[in-house]
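Student: Hi, can we walk through this fold together? I'd like to start with how the pieces sit against each other.

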Amino acid sequence: MSRFFFPLTAAILLWCSAGTAMAAEPASAPVGTPATTDPSYRLIAGDTVAISVYGEPDLSATQIIDHSGEVRLPLIGEIILTGKSVREAEQALEKTYKERQFLKAPVVNLVVTSYFPREVSVLGAVRAPGTVVFPRDVTSLDIVEVITRVGGFTPISKSDAVTITHRTPDGKETVTTVDLENTITGRHRAGRDRAELAIYPGDRIWVPERLF
């Protein structure tokens, strides 16, 4: 009996050692697992998105959302994605594939691979000139909030002649002059504590100095 005991014991020890080594090895993610983006992030023009359909590699595409808010995809063609959250965009694409009878049960994955710069520059007579970065889930800010974020006006600011430069979807720039004297300086009237003027990513705000 002793003739079989030692070989059997050695085999058991070897098997246990191998099992321990396998258990200690960290598990890796499955090959080909897609990356993810916050499903609540709302897409804007200029974002670069990678779109894939599970089991359909020929339908994969990476596109920059154009100024009209559209991307162009295989089979579907042009579809508007701006204003939708990532999950809403995935659902819209899945619905389109099914309604047009291209796929019976599509599973779409959308990843933002590059975010369009979402900031506004504020220069001139403010306390902390520079840029204000938009939160990811916000597509516009009220001008009062923007000015507040850069510390407010300086004592010599001409707050009744603030200019806002905005680039339209067709590439043209528009310049608007607004009077914020009564909304931010503290000399506002009752009910005028907000300008209700939307500022969008890419806008430029200039606050001139008052000439005495």
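Tutor: α2 lies across β1 and β5 and runs at about 135° to β5. Helices (H or I, at least four residues) and strands (E, at least two) are DSSP runs numbered from the N terminus; axes are lines fitted to C-alpha atoms, for helices over the stretch in contact (heavy atoms within 4.5 Å), and angles run from 0 to 180 degrees between N-to-C directions. This is a predicted model: local features need pLDDT of at least 70, side-chain atom pairs count only at pLDDT 80 or more, and totals for chains, interfaces and linings use all residues. Residues are numbered from 1 along each chain as its sequence is written, and side-chain values use heavy atoms, leaving out hydrogens and water.

Student: What span should the 14 residues of helix α2 have?

Tutor: At 1.5 Å times one less than the number of residues, α2 (residues 86–99) should span 20 Å, and its end C-alpha atoms are 20 Å apart, so the two agree. Just after α2, Gln 101 has a positive phi of about 60°.

Student: New topic: in what order do the strands of the open sheet come?

Tutor: The order is β2-β1-β5, with antiparallel pairing (at least two DSSP bridges between two strands). β2 (61–64) and β5 are the edge strands, each pairing on one side only. The twist averages 25° from one strand to the next.

Student: And how many bridges join β1 and β2?

Tutor: Four, in the antiparallel sense. Ile 51 has Ala 61 in β2 as its bridge partner.
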